[in-house]
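Hi there,

Here is the structure I promised to pass on to you. Have a look at it first, and then read my notes below.

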Amino acid sequence: KLHTATHLLNEALRKILGSDVKQRGSNITPERLRFDYSFDRKLTGEEIKKVEDLVNKKIKEGLIVVNKEMTLKKAFQAGAQAEFGHKYPEKISVYTVIDTSEKRGWFSKEICTGPHVHNTRDIGTFKIIKEEASSSGVRRIKATVN
């Protein structure tokens, strides 16, 4: 649940804050997710609510999550996001959250090795617990699902 929620969070941040937002790291435990991303200021309460609302909207829509193995080059050509600076093998898994209401046909497409749900509805309710600075130019979100 939390791996897929992390992908939804990443795309929600990009849609609300701008496409310059890039993942800088993540840590997922059975209880929570921690997501580091490039951004130069604290999020406002309104921005946090917009991000949470968009993630929860996509969860409620019951979007299908598809895994496909491909080469790293094909993944990038297909528009897959990746963690900045992370080293990937030549053959990787790409998880796509299908969304036909989007012009490109998907909401999120990321390179990932974690376990995922098959339908976003299986995630539950997404809640941001904390938003803070991680390092210079990098922010951190801690969130849960239930």
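To begin with a term: helices (H or I, at least four residues) and strands (E, at least two) are DSSP runs, numbered from the N terminus. Please keep in mind that this is a predicted model, where local features need pLDDT of at least 70 and side-chain atom pairs count only at pLDDT 80 or more, while totals for chains, interfaces and linings use all residues. Residues are numbered from 1 along each chain as its sequence is written, and side-chain values use heavy atoms, with hydrogens and water left out.

Let's start with charged pairs. How many salt bridges does the structure hold? There are 14, where a salt bridge is a side-chain nitrogen of Lys or Arg within 4 Å of a carboxyl oxygen of Asp or Glu. One of them joins Lys50 to Glu46, with N and O 3.5 Å apart. These two residues are separated by about one helical turn, because they sit 4 residues apart in helix H2. Lys50 is partly exposed at 43% relative accessible area, and Glu46 is exposed at 54% (buried means under 20% relative accessible area, exposed over 50%, and partly exposed in between, with a 1.4 Å probe and protein chains only).

Another salt bridge connects Lys58 and Asp99, whose closest N and O atoms are 2.6 Å apart. This pair links distant parts of the chain: Lys58 is in helix H2, and Asp99 is in the loop between strand E4 (91-98) and E5, 41 residues apart. Lys58 is buried, with a relative accessible area of 3%, and Asp99 is buried with a value of 3%. Both belong to a network of salt bridges that also takes in Lys57 and Glu61.

A further salt bridge brings together the side chains of Glu132 and Lys142 (3.8 Å, N to O).

Now for a contrast: which side chain of opposite charge is nearest to Lys109? It is Glu11, 11 Å away, and Lys109 is buried yet has no salt bridge (Lys and Arg count as positive and Asp and Glu as negative; His and the chain ends are not counted). Lys109 is placed in strand E5 (residues 106-111). Its side chain reaches the backbone oxygen of Ala78 at 3.5 Å.

Enjoy exploring, and write back with any questions!

Key. A polar contact is a pair of N or O atoms within 3.5 Å; within protein, one must be able to donate a hydrogen and the other to accept it, and residues adjacent in sequence count only if both atoms are side-chain atoms.
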